[in-house]
Amino acid sequence: MSFRSPDDFLAHVLLTFRPYLGTLVLVGGFAVRLYEIHPRAVPAATRVLRTFDADFATPPTGIPVTGRTLADLAEAAGFQPDFRGDHIPPVMKFVPKHPSTEAVYAEQYTVEFLTSLTGPHADRKGSAIVTRDIQAGIIAQRLRYLDLLLEIPWTVSLAGLPGIPKEAQALVVRLPHPGFFIVQKILISEERNRREKRPKDMAYVYQVVSLFRHDLANLAAEVRARMEANPAWRRWLERFKSLSQVLFSYPEAPGVTEAHTVLRAEMAGMGQDVPNPSMIQAGVRLFLMHC
Amino acid sequence: MPNREVLLKRRHNSSAEAVEKILSLLSKRGFRVHEREVHIPAEGLSHGLRLDFLMGREDRKFGVEVKVSRGLADWLFHWVARPILTLQAAHRLQGWEPLLAIHVGSLDPRGVQRLKAQIALYAPDLWWLIADAQENVIAHLPSGDEEEIRNRQGRDYNSFRLSDSDSPPHSGFRALRFDSAPARLSFGDLDQWFLKVLLFARSQGNGWGGPRGSIKNLAQLAKLAEVSPPLVYRWAAAMERSGYLMKRMGRLPILRNLDALLAEWRGRYRLSDNDPIPCDPAFGGPMDDRFLEEFLDRLRHPSDSTPPFALTGHQACRLYRLKHSEARSIHLFVSGDPSPLMQALQLVPSTNLDAPIVLLRPKHSRSVFGGITHLDGLPVCDILQVYLDVSHLPDRGREQADFIYERMLAGLIGQASEQRNVF
């Protein structure tokens, strides 16, 4: 199985799980890719970071079966489960069955399901709580603050995505509210198992802010109103504000530096101007100041 | 590098003492010598370009030519034409600002007046300093304009009158008459403001959003300009002494030499006199039409905390429908703390002095903001201010200024000149 581009892969994945698109929320890098074609977005000067991982947030109550199971659909579409780690149950990702020989190898592409982690990180025996069954044959990785990504999700039609099969253009996909996307990325940055991914997450934060720069005050107001109405989330909002201070309060702050490093590497040799740290800091602050 | 003595001996038409004096005067005004007898290679010229000094002041660099002359007469300007061309070439090649320093035996007010008018006409971008053996100094420098005259007892006078009649017999200078009135137009904030009100208040044309009404006397001008009458009387006296206002026997005074006035104004004014804040868009991107539309749209919807602002430069020309080039730089005057405006416009301060967007905290606030008009829902500086500002922009600013003059300003100036009953 080969894909011409990450967009082609995404279209294939979304067609595969079409019966569940009303329940799943596409998160991670592909969500940022689809924000680009959302009617409320404006073109950004920086290219969205490339990703090969399609991540779906799932409700904490699990996913009721609608016709065929997710596992059946994945199997039929040419994916096979790939188990990783020594957790019980292990972390599961779907990967293409037959790796391509093309330049972008198909085995780089993965599909993963995520669900929210509430309560402690480990059980009474001290074993880390990492995964959870969400449907027969489907194990989702548990992630802190993931519930935020399910709150007032947006939808986007794939019709605006160039170079994908015609049948995929009719699909409508759920995406996290961009404000909650940013809040979740910043909150999760302090999680121990996210340290490696944090630089990329910080770059995503700048890119999302950049895409919705016309609407930042409204997005922040929507997030603030929702989070202040929920006692648990109110604490998260305070935590988010203090973490933001650490990550984006000045051009040499760690979040700014990490985002700059990732963007510089991504845009190297493309003839585009890389946003400097002052621009990244000021841009993200434009959202944070309204939260 | 040759030592100072050698350099001074080698200088044509110079005396060591006079050059020392000039260097000392410039040093007191914050200039520091970086290099002497500067040589700049120039294509096709075996000797390249030679300048007397490269100097620095704050973070700016100046190419400096020093000339020494016994007298100050008409021929002097012809004599300094070559150094002026040299300085202008150095400005183009190296970006050094041109500064001409002249030492003369004695300042002759008429000569000074003529020289200033010639510089304003032919080399308005030139900084200059003229000093004489009696320690009188007249200067047009980044630190401000100076007209300092001392009598032989060493007493300072801040102003003098450029008239050789009625000189007090006790004065050390037959040519200079001291009094408390300003010598000439300083082109300070009030001078510029009065001129604009006088030129535009009676016209019905576009390009002016300031006060309008008839002006039949100085008191009415003061009322329209919202200043106390004595300030206007003082200004009118300076206008007269500068040759831009003429009294006629038994009749009301008239405006004259308006083209020369405009040339002098353009020469005296520098966009860099304002406090510039170069900015980049926080989200980067090219300065294309889409960006400009976005930017102007944000300007149309300021928040309550946004300080007063007004567009000038090329974007103001665009709104006046007087766009002559594809230049896209954005210049915006802002009053007070610029931070809320920068946030509203999603800008970030830039270390790049050639940044595409420049916020300007005006040196002459009343003159800049007093005449703003609204075009397409945006506050825009009056057309004369825009003309003055674009004159100094590197991205085809001079061309644009000439275009404004031809299409709009000449007509307005013409109308003002034809009003024989100025006051």
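Let's start with A:Val208: leaving aside neighbours within four places in sequence, this residue is in contact with A:Val32, A:Tyr35, A:Pro178, A:Phe181 and A:Ile182. By contact I mean that the C-beta atoms of two residues, placed from the backbone, lie within 7 Å.

A quick word on what you're looking at. This is a predicted model, where local features need pLDDT of at least 70, side-chain atom pairs count only at pLDDT 80 or more, and totals for chains, interfaces and linings use all residues. Residues are numbered from 1 along each chain as its sequence is written, while chains are lettered from A and ligands numbered from 1 in the order in which they are written.

Back to A:Val208, then. It is among the residues with the most contacts inside the largest nonpolar core, which has 154 residues; A:Leu26, B:Leu221 and B:Tyr387 are also among them. A nonpolar core here is a set of buried Ala, Val, Leu, Ile, Met, Phe, Trp, Tyr and Cys residues joined through C-beta atoms within 7 Å. Buried requires 20 or more other C-beta atoms within 10 Å of the residue's own, again placed from the backbone. Helix 5 of chain A, residues 198–211, gives this core its largest share, eight residues. Helices are DSSP runs of H or I with at least four residues, strands are E runs of at least two, and both are numbered from the N terminus. Apart from that core lies another of 42 residues, including B:Phe31 and B:Leu107.

Now the chains themselves. Chain A comes to nine helices and nine strands, and 43% of its 291 residues are buried. Chain B has 14 helices and 17 strands, with 41% of its 423 residues buried.

Where do the chains meet? On this count, 12 residues of chain A are in contact with eight residues of chain B. Helix 9 of chain A, residues 277–288, supplies the largest share of chain A's side, five residues. That side divides into six nonpolar, four polar and two charged residues. Nonpolar covers Ala, Val, Leu, Ile, Met, Phe, Trp, Tyr, Cys and Pro; charged covers Asp, Glu, Lys and Arg; the others, Gly among them, are polar.

One last stop, in chain B. The axes of helix 5 (residues 189–200) and helix 7 (residues 229–241) of chain B come within 11 Å and cross at roughly 85°. That makes helix 5 of chain B roughly perpendicular to helix 7 of chain B, a label for angles of 65 to 115 degrees. The axes are lines fitted to C-alpha atoms over the stretch in contact, with angles running from 0 to 180 degrees between N-to-C directions. B:Leu190, B:Asp191 and B:Phe194 of helix 5 make the contact with B:Leu231, B:Val232 and B:Trp235 of helix 7.

Technical notes: A residue is buried if 20 or more other C-beta atoms lie within 10 Å of its own, exposed if 12 or fewer, and partly exposed in between; C-beta atoms are placed from the backbone. Angles under 35 degrees count as roughly parallel, over 145 as roughly antiparallel, 65 to 115 as roughly perpendicular and the rest as oblique.
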